Amino acid sequence: MDIDDAPLDDAPVIIHADLDEFFCQCERGRHPRLRERTRDGNYVPLAVQQHDDIVAVSWEARALGVKPHAAPADVRRAHPSVRLVHVPVVASVDDPAVTKA
């Protein structure tokens, strides 16, 4: 049986979710200044950082060569047009209230 002839109940389903872009859009929702657009109509390039790690990169920043897990300082130096936003941190491992037994 060819895939085109398979009943819908038996058809394979493939879901692709771009979570990097999802997290960037969440930050744009939280920070209106990140919704600015460039002259060509795209959003400003955005990378989301947590501590000293880039955890999400927008499509616009990817086009400039920004990669996940880069050091934020390196991104700032190489791509000054990329906006960096730090995700909120609820508690730290170094917080005595968290590590207290």
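The sulfur of C24 lies 9.1 Å from the closest cysteine sulfur, that of C26, which is too far for a bond, where a disulfide is taken as a pair of cysteine sulfur atoms within 2.5 Å. A search of the whole structure accordingly lists zero disulfides. This is a predicted model, in which local features need pLDDT of at least 70 and side-chain atom pairs count only at pLDDT 80 or more, while totals for chains, interfaces and linings use all residues. Residues are numbered from 1 along each chain as its sequence is written, and side-chain values use heavy atoms, with hydrogens and water left out.

**The two cysteines**

- C24 is buried, with a relative accessible area of 0%; here buried means under 20% relative accessible area, exposed means over 50%, and partly exposed is in between, with a 1.4 Å probe and protein chains only.
- C26 is partly exposed, at a relative accessible area of 33%, and its closest cysteine sulfur is the one in C24, at 9.1 Å, too far for a bond.

**The chain as a whole**

- The protein chain has four helices and three strands, these being DSSP runs numbered from the N terminus, with helices of type H or I and at least four residues, and strands of type E and at least two.
- Read along the sequence, these elements follow the pattern α-β-β-α-α-β-α.
- Of the 101 residues of the protein chain, 28% count as buried.
- Among contacts between residues at least 6 apart in sequence, 41% join residues at least 24 apart, a contact being heavy atoms within 4.5 Å.

**The sheet**

- Three strands form an open sheet in the order β2-β1-β3, with mixed pairing, and two strands are said to pair if DSSP finds at least two bridges between them.
- The edge strands are β2 (53-57) and β3 (83-86), each of which pairs on one side only.
- Neighbouring strands of this sheet are turned against each other by 35 degrees on average, direction ignored; axes are lines fitted to C-alpha atoms, for helices over the stretch in contact, and angles run from 0 to 180 degrees between N-to-C directions.
- Strand β1, residues 46-50, pairs with β3 in the parallel sense over four bridges, and V48 stands opposite V85 in β3.

**Helix α1 on the sheet**

- Helix α1 (residues 19-30) packs on the sheet and touches β1, β2 and β3, while its direction makes about 95 degrees with that of β2.
- At 1.5 Å a residue, the 12 residues of α1 should span 16 Å, and its end C-alpha atoms are 17 Å apart, which agrees; the expected span is 1.5 Å times one less than the number of residues.
- The buried residues of α1 are D20, E21, C24, E27 and R28.
- What covers the buried residues of α1 includes β1, β2, α2 (59-64) and β3.

**Two loop histidines with positive phi**

- Most residues other than glycine have a negative phi.
- H51, which lies in the loop between β1 and β2, has a positive phi of about 60 degrees although it is not a glycine.
- H69 is placed in the loop between α2 and α3 (72-78), and its phi is near 70 degrees, a positive value in a residue other than glycine.
- H69 counts as exposed because its relative accessibility is 62%.
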